[in-house]
Amino acid sequence: KTRYTLDVSIGNEVYTAESYLPEAVPIMSLETDYLAASGPIDEGYQVYVRFQDDGNADNFYRFKHSINDTLQHAGDNLQVIDDRLFNGGFTRAPLFQQIFDKGDEVMVELVHFDEQSYSYFNSLADIISQGQGPNAGTAAPANPNSNWSNGALGYFSASHSSKKSILIQ
């Protein structure tokens, strides 16, 4: 692991954050399954990301995706996972909250980062969902967890990423 530190000085204040760069984890493939309409879920295709988790460490991931070259960055598209249920195994993880249509070109980026970055995005997902979504747990809106000193907001992160695209057919 390579460790990075960033110091920022503003006036008499110094803000420090640290992150480590985990080993790269490439996307092996993207796969789709057709889903029939069921209750509030429309018919369409679910996209799955296949990758091999490194079993020698605790790992943390974020999925980012675009549809037809448009980044999907709404709050319900924020998806982070850790490897506690599949440590060291081959993984077929779905892109949650998204059903795709035939003809969509989907680009997925698998971001592999440290636990502090995961904590930031996981707490941000809780705040966005106001404790009601898949990451429910916060009682009231608050600031997301941060790895900056002196109460600064945001995060500093070193990460690897892997990208693949698939055309839904």
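**Entry 1: Arg84 and Asp82**

I began with Arg84 and Asp82, whose side chains meet in a salt bridge at 3.3 Å, N to O. I take a salt bridge to be a side-chain nitrogen of Lys or Arg within 4 Å of a carboxyl oxygen of Asp or Glu. The model is predicted, so I noted its limits: local features need pLDDT of at least 70, side-chain atom pairs count only at pLDDT 80 or more, and totals for chains, interfaces and linings use all residues. Residues are numbered from 1 along each chain as its sequence is written, and side-chain values use heavy atoms, with hydrogens and water left out.

Which of the two partners is buried, and which is exposed? Arg84 counts as exposed, at 69% relative accessibility. Asp82 counts as buried, at 14%. My cut-offs are under 20% relative accessible area for buried, over 50% for exposed, and partly exposed in between (1.4 Å probe, protein chains only).

**Entry 2: the other salt bridges**

I looked up the total, and the count comes to 6 salt bridges. Arg3 and Glu18 form one of them, at 3.1 Å, N to O. This pair links distant parts of the chain: Arg3 is in strand β1 (residues 2-10), Glu18 in strand β2 (residues 13-21), 15 residues apart. Glu18 is partly exposed, at 34% relative accessibility.

Next I checked Glu109 and Lys64, which meet in a salt bridge at 3.9 Å, N to O. Glu109 lies in strand β9 and Lys64 in strand β5 (residues 60-67), so the pair ties together parts 45 residues apart in sequence. Glu109 is buried at 13% relative accessibility, while Lys64 is partly exposed at 27%.

I also found a network of salt bridges that links Glu31, Asp33, Arg50 and Arg92.

**Entry 3: Asp104**

I turned to Asp104, in the loop between β8 (90-94) and β9 (105-113). Asp104 is buried yet has no salt bridge. How far away is the nearest side chain of opposite charge? That side chain is Lys102, 12 Å away. For charge, I count Lys and Arg as positive and Asp and Glu as negative; His and the chain ends are not counted.

What does the side chain of Asp104 reach? It reaches the backbone nitrogen of Asp101 at 2.8 Å. Asp104 also touches Ile67, Asn68, Ile166, Leu167 and Ile168, leaving aside residues up to four places away in sequence. Contact here means heavy atoms within 4.5 Å.

Most residues other than glycine have a negative phi. Asn68, one of the residues that Asp104 touches, has a positive phi near 50°. Asn68 sits in the loop between β5 and β6 (70-71) and is partly exposed at 41% relative accessibility.

Asn150 has a positive phi too, of about 60°. Its loop runs between α1 (115-128) and β10 (159-167). At 51% relative accessibility, Asn150 counts as exposed.

**Entry 4: the whole chain**

Last, I stepped back. I counted 1 helix and 10 strands. These are DSSP runs, helices being H or I of at least four residues and strands E of at least two, numbered from the N terminus. The order is β-β-β-β-β-β-β-β-β-α-β. The C-alpha trace spans about 60 × 35 × 30 Å along its principal axes. Of the 169 residues, 39% count as buried. Among contacts between residues at least 6 apart in sequence, 68% join residues at least 24 apart.

Conventions: A polar contact is a pair of N or O atoms within 3.5 Å; within protein, one must be able to donate a hydrogen and the other to accept it, and residues adjacent in sequence count only if both atoms are side-chain atoms.
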